[in-house]
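Hi,

Here is the structure I promised to pass on to you. Have a look at it first, and then read my notes below.

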Amino acid sequence: MDDFTAHLAENAAWMAWTWQTGLFFVIIASLLIVFTLVALFKPERARVGVLGIPTTRGDRLFITLLGSAFINLAWLGLAGPDLGWALALCLVYALAVFRFV
Amino acid sequence: MEKPINNRAWLLVAPVFLIVAFSAILPIMTVVNYSVQDTFGNNQFFWNGLGWFQELLDPSTELGGRFFAALWRNLAFSAIILAIEVPLGILVALSMPREGWKVAATLVVMALPLLIPWNVVGTIWQVFARADIGLLGYGLNWLGIDYNYTGDTLSAWITIVVMDVWHWTSLVALLCYAGLKSIPDAYYQAARIDGASRWAIFTTIQLPKMKRVLLIAVLLRFMDSFMIYTEPFVLTGGGPGNATTFLSIDLVKLALGQFDLGKAAAMSLVYNLIVLAVCWVFYTVMTNTGSERADRGEPA
């Protein structure tokens, strides 16, 4: 078993994993899994919000994640590398998206 | 219009997902990993946090400067080719024959530029526009016009724009032609009875009926020109200097020329986010203009 993990680590070295990026992807993956399970066990109908387009929970998650990426980039470019408030803003944005879009 | 969603169909997508995992998801994860680190080769990486992103978004740094320069260059290129190709495509579509053997002949001729591989298009124009042996370049200089796309920024830009217009106006024209063909003859008859002018027919019948295909054409052309690589790479290689270095060309220079994997990864992620946002708008508009029609009870 040790041999296997050592082998795996050697072969995945080119991917240059860090725990921070690992955490990032674990969060994204768990969000996807949670939303998939919710969609499976609590099916829903698309609804039309402020954007005038029908959206499901998954659509709203996508809009949230994409928008959050831009919020963080804008914060990084305009305010600086301390992204705590940017993440708080993303949370507000996420709530707004899930409530109104 | 609303219908319940059955998510079980997603299981059928599982094999594709597995392939995509290796061809796209793992590479993208790697790019994300690279974007927060620095490397000098030999699989040794050093944590750099958000450093590359910060540099990238600050136009006063070397990295930020070239990123924003390439971004504006790319947006300018997209704006120019859209401003030319869309009106020109509409004009071509309006003057294409509606019936008879000429239709097939015109369609084949129109489709020809779309069938040529992109690097061949680049090569054709590279030779065609050369000032020493190319028909266009030599001809222009013979006429006394100073034209040399390898040395002069304006010449290089004109050549690339003309090449793109030559390559892709057909697409806009063919889409518009399809839109025009779908207009029933009754509309034109009514216009004739009302004594409508040619311009009135265009603005009140043809243009509104072409709206959807035009939207598709604009979005397709924007995406394509925003991600353009092959043709300017073959034609000018991004030169003279950096005059035609668009985002993708700059990215390749950074990643494969300088081997700055961290910087290149940060740049490609921001580039990718912009493309993703535009794609989302594209997809949303495409899927929803149809449903709006259905809601209003109009034929699609």
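In chain B, helix α3 (residues 62-95) packs against helix α7 (residues 153-181) at an angle of about 45 degrees, with the axes 7 Å apart. Axes here are lines fitted to C-alpha atoms, for helices over the stretch in contact, and angles run from 0 to 180 degrees between N-to-C directions. Helices (H or I, at least four residues) and strands (E, at least two) are DSSP runs, numbered from the N terminus.

Before going on, please note that this is a predicted model: local features need pLDDT of at least 70, side-chain atom pairs count only at pLDDT 80 or more, and totals for chains, interfaces and linings use all residues. Residues are numbered from 1 along each chain as its sequence is written, while chains are lettered from A and ligands numbered from 1 in the order in which they are written.

Back to the pair in chain B: α3(B) and α7(B) are therefore oblique to each other (angles under 35 degrees count as roughly parallel, over 145 as roughly antiparallel, 65 to 115 as roughly perpendicular and the rest as oblique). Residues of α3(B), including I80(B), I84(B) and L88(B), meet residues of α7(B), among them V161(B), W168(B) and L180(B); two residues are in contact if their C-beta atoms, placed from the backbone, lie within 7 Å. This contact divides into 16 nonpolar, 2 polar and 2 charged residues. Ala, Val, Leu, Ile, Met, Phe, Trp, Tyr, Cys and Pro count as nonpolar, Asp, Glu, Lys and Arg as charged, and the others, Gly among them, as polar.

Chain A has a helix pair to look at too. There, α2(A) and α3(A) pack at an angle of about 160 degrees, with their axes 10 Å apart, which makes α2(A) roughly antiparallel to α3(A). On the α2(A) side the contact is made by L31(A), F35(A), V38(A) and A39(A), and on the α3(A) side by R57(A), G58(A) and L61(A). By class, that is 5 nonpolar, 1 polar and 1 charged residues.

How many residues does each chain bring to the contact between them? Chain A gives 23 residues and chain B gives 26 residues. On the chain A side, α2 (19-41) and α3 (57-78) are the elements that give two or more residues, and α3(A) gives the most, with 6 residues. That side has 17 nonpolar, 5 polar and 1 charged residues.

Best wishes
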